[in-house]
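Visitor: I am new to this structure. Could you show me how to read it?
Guide: Gladly; let us look together.

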Amino acid sequence: MIQQISPIPTGMIETQTIEVSIGPQHPSTHGVFRMDAVLDGETVVGLKPVMGYLHRNHEQLAERMTWLASIPYTDRLDYFNSMTNNWALCLSVEKLAGIKVPERAEYIRVIVSELTRILNHSCVIGFMLQDLGAWGTPLLYAFREREKILDLFESLSGARMMCNYMRFGGVRVDMTDAMVAQAKDIVAKFPRFLDEFEQLLSNNEVLLARCQKVGILPKELAINASISGPMARASGVDYDIRKVDKYGVYGRFDFRVPLGEVGDVYDRYYIRVLEMRESIKILNQALRDLPAGAFVAPEVKLRNFKIPPGDGYGRVEAPKGELGFYLVSDEGGKMPYRYHCRPPSFINLTTLEDMCLGHKVADVVIILGSVDIVLGEVDR
Amino acid sequence: MGFLGKGLFQGMAVTARNFVGTYFDRGTREKLVTYQYPEEKPPLPENSRSFPFLVYDGTPDAMRCVACKICETECPPQCIYIVMDRDEKGKPQQRPKVFDIDISVCMQCQICVEVCPFEAIKMDNDYEKSQYGRFDDLIEHLPDLLKSNEYYNEIKPTEAKAVDAKLKAEAEKKAKKGTSKPAAAAPAKPAAPAPAPKPATAPAGKITIPEDAPFTAEQRAWLAGFLSAGGVATSGTGVSPVAVAETTGETPVPLPEATPAAEAPAGGWPWHDPGLGMSQRMDLVKAAPLADKLMAAMAQTDCHACGYDCRGYADAIAAGSETDLSLCLPGEAETAKKLEELMKEAGKL
Amino acid sequence: MAYDEGLKSELQKSGIFVLPFEQLYNWGRKNSIWPLQFGLACCAIEMIASAASRYDLARFGAEVFRATPRQADLMIVAGTVTKKMLPQVVRLFNQMPEPKYVIAMGACAISGGPFKDGYNVLKGVDRFIPVDVHIPGCPPRPEALIHAIMTLQRKIAGQTLGQDQRWYEKSATTEFPIPAFGAHDLEPPANREVWQPPRNYTDVTIAEVLKK
């Protein structure tokens, strides 16, 4: 929608800026997100993100229901990664209530979370290339791999996307031997797909031309804006909560944290590819070491679950960055008094303007694609 | 590095490989060949879930649901609506009169299944539910929801077998208790009082269930309560104390063999029978201590909706460790009112 | 429109296919439903999955996701419609050319779903635009969406040419009023011409269960 049209210049040739509203219905905004871009010719000179088109009152609803009932709602935050969302909430509640999670449950959580990570990263690369103009192919390949992982999730938890799989003190259903075999099969075959994916994309001249030196996020800015996840690591910030907190059993696995040098869109793309390879490493170790035993802490009640007064913050390394839940429990303890979610993609989105300034308007969509937002999480 | 455009050619080679590969891949489905959906349906894993349904054993009349309303309270989006069935005298019948699930709201989270203590509600895997209408077609009523145990066994064999085994074990335990009870030599809990006076005679029109009738112990207990309720026509709706006073002494209760008392003392808790009305139950505990009176005010389903069984909740209230009197979901307002009344009588409120 | 079924099948045996024009027209229409590329929330991912190769919506002629409403026949409302987003949804629907159809995909689009208690969530998109097919589920599986498209195809096949349809009427409303943001809620909170909730709601009793 063009709001201002430059008048016929008088005297010296000058151009006026125009404002373009991109979204909320736009094929490249990854949902209902709007950017008010100010353009000088084709160059972006200002950009204001407008959010709230998918504000679903997650926090307010959670403050009115039991702890257990909030778990299925976290599935719908970042709807690609229901498993890590579940984990973040369960981790906070377990911290607050002092619940010890059985060994096997911790391993299963690691397995499903890392599978979620490779699912998310392959899909986000597909979507980013969709925005870049590679219509279909990478996205279709990514969705094909996603289907394989979703098959496992469905046989494990019963649902494809909204798994609602984790419970306070463990997981809901045990992973049977058949499912472990299925997971091993996925993990064994995934590197081949990744090689193929890289062959398709990484050296592609069009991709290099469009992505390199575009949307640079300096390291200092990334730290100051508390950017997390692959985006921060692409800018060279060595910060991975799996390494920093060592939550769950992540301390036992041998994996590296890939870091970028430039912090442009290409780095953000390539970091995700490398992270998938590291996830495969973790998965191999976790599936190898998966211990026998209980999959849920037996002392945790499903109903009438109460938490003594107090507050706690639990965070996990979700595929998009640091996902944390800050919870306050009061006297009754049946439901949270305050429930706050720290969504990674919302905070990663704050630097969008800094990355876009000076670039062409066509680059805005790939920069947005490389941030990896999911509107369910941004607006909550 | 090669020549300019090498990356493009590499990419095209990958695409070509995938294009040809899918043709030779029909058997292994490594490349996930398209499902020709309406003709060829993708196999669903056993855990797969869509919407809840209610399980019945044998006939739809013998549904497992006792209308305890736990799922209604626990359902995160609040899409379940239950009204307990009552006979013409207002006596609870331990089964739902109305059980509606608004599948246009249901978020398929399976929490209702997890919290149900009676294995009554389970997840279906039928996803073809597209409808033209919104209000008429998308609300599932009791007739739509009721499905047989055989159907459940068909869609989820492993899970259903485990459930069946569990229910059978429970029923056997109960049946054992029921038969050995008259001979038992009072291994009572210390808190349990002497049993309330037993009724002298069974009601005239009492129908007894033959021993060889094909019922599980649970069904037997339910039927006994049902039949005795049908045979009794003395008291009114039974909340008024006056009515209780009038019917004292004549109120018949079912035979003790039919009462499903779990860990009752010798003779059982005669009032622990969901088939009885509130006034009948209160009659039986006229001379009993407070904990028994409180217990008699409950709905007697042992549904654990309050977090205890009926005995435990009564003991907790009597001991003062539980102050909330409104936790009995199947008892509804009637129980809450009665509990308050009793506590006031005892001077504890 | 009366025609001889016997004669038709007789001719069919000798390779001559006779169709009423209406049937041919509807056959063409129902096999080229172009949806609007319009994702709102979680269900949009399953919509993409159903368009991807494993479920392949193209087998039903509905794979051409158009980014502009001017070229679309079908609006798949896939996800939660919030009050902030609703004016845009209605505007998009207004911009679609007739005949146009709406599929409400998922619990949120039908009734607000799990988020129905939220202050910012619209309790069903059918309050403002007419919905043809509802798919319950949260989110519905891709097969469920395909089933809904088949349901819609059946509906289209049953439509008569030149009469009984909204878009043939002289006083047809092609423009649905776009609600404004009021002090507390949208104004109006629902378009009463589109949305007629039932007045009475009867309980289903145990007697009916036993009868069944």
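Visitor: How many salt bridges are there between chain C and chain A?
Guide: A salt bridge is a side-chain nitrogen of Lys or Arg within 4 Å of a carboxyl oxygen of Asp or Glu. Between chain C and chain A the count is six. One of the salt bridges pairs Arg54(C) with Glu147(A), their closest N and O atoms lying 2.9 Å apart. This is a predicted model, where local features need pLDDT of at least 70 and side-chain atom pairs pLDDT 80 or more, while totals for chains, interfaces and linings use all residues. Residues are numbered from 1 along each chain as written, chains are lettered from A in the order written, and side-chain values use heavy atoms, without hydrogens or water.

Visitor: How much area do chain C and chain A bury between them?
Guide: Buried area is the accessible area (1.4 Å probe) that two parts lose on being put together, summed over both. Here that is about 3,000 Å², with 61% on carbon and sulfur atoms. Ile45(C), Lys84(C) and Phe115(C) supply 19% of what chain C buries against chain A, more than any other three residues.

Visitor: How many residues does each chain bring to the contact?
Guide: Contact means heavy atoms within 4.5 Å. Chain C brings 33 residues and chain A 31.

Visitor: Which way do strands β7 and β8 of chain A run?
Guide: Strands (E, at least two residues) are DSSP runs, numbered from the N terminus, and two of them pair if DSSP finds at least two bridges between them. β7(A) (321–329) and β8(A) (336–342) run antiparallel, joined by six bridges. Gly324(A) sits opposite Arg342(A).

Terms used:
Helix = DSSP H or I, 4+ residues; strand = E, 2+ residues; numbered from the N terminus.
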